[in-house]
Amino acid sequence: MCVDETFKQLIGETREPLPPRPGAVERYDHVYVRNGTASLFLACEPLQGWRHIEVTEHRRRTEWAGFIRSLLEGRYREAEKLVLVMDQLNTHSPASLYEALPPEQAQRLAQRIEIHHTPKHGSWLNMAEIELSALGRQCLSRRIARADTLQRQITAWETERNAGTARVQWQFTTADARLKLRSLYPSLQP
C-alpha cells in the first residue's frame, strides 16, 4: 500500500466566470478569494488498481492516524499486516497513532502496520505520487471553493478510476535501482 498526502487551496470566485463561446474558452477573473486549504490523504494499491482519498481540514498527526485507522478497520480489517510505503514526513510513524488514539487501540493498530520509508529526496519512488499527479491533472486543475465540493469531485474521480482499475505502469526496474541508487544497495560482486 502506497500512502502520500498533498493539499489543495480552496479558491472562490469574486465574479462569475464568462462562459465559453465559439473561438473562446471560459474566462476567469485573476482576482479570487482564498478559502483556506484542505489536506488530501491518498492510499493506493498499484497492482490492484485501487485508490482511496480522504479530505481533511488539517495535515496533522491525528489526521494521519485517523486515515490509517480507517484503512485498518475498513478495507484491511482482515489483514494481519499492512505494509505501507511512504515518505519520511514526521507524521508518518506509529507515534501518531498513540497521539490520536487510546493506548490499547493505538498498540493494536501499530502492530498491524509495517512502514517502509522512501529514501530522503526519493519520494518519487512512492507510486502514490503518480496517483496524486493524475488526480491533480484530471480533477484538481480548476478552482474549487469549498471542501464539500472538493470531496464530491474527488469521490467521483476515485469511483471512476477504481471502476476502470487504472494501474500504475511502473517502469523503474531493480536493475535501474541498482544503478541509480547504488549507494543504498550492497554490492553483489566480490
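I looked up the accessibility of R69 and found it partly exposed, because its relative accessibility is 31% (buried means under 20% relative accessible area, exposed over 50%, partly exposed in between; 1.4 Å probe, protein chains only). I was working on a predicted model, where local features need pLDDT of at least 70, side-chain atom pairs count only at pLDDT 80 or more, and totals for chains, interfaces and linings use all residues. Residues are numbered from 1 along each chain as its sequence is written, and side-chain values use heavy atoms, with hydrogens and water left out.

I placed R69 in helix α1, residues 61-73 (helices are DSSP runs of H or I, at least four residues, and strands runs of E, at least two, numbered from the N terminus). Leaving aside residues up to four places away in sequence, I listed its contacts as L101, Q105 and L109 (contact means heavy atoms within 4.5 Å).

I then turned to salt bridges and noted ten in the structure (a side-chain nitrogen of Lys or Arg within 4 Å of a carboxyl oxygen of Asp or Glu).

I found D29 and R15 paired at 3.0 Å, N to O. Both lie in the loop between β1 (2-13) and β2 (32-45), 14 residues apart. D29 is buried at 14%, whereas R15 is exposed at 59%.

I found E45 bridged to R75, with the closest N and O atoms 2.9 Å apart. E45 sits in strand β2 and R75 in the loop between α1 and β4 (82-86), 30 residues apart.
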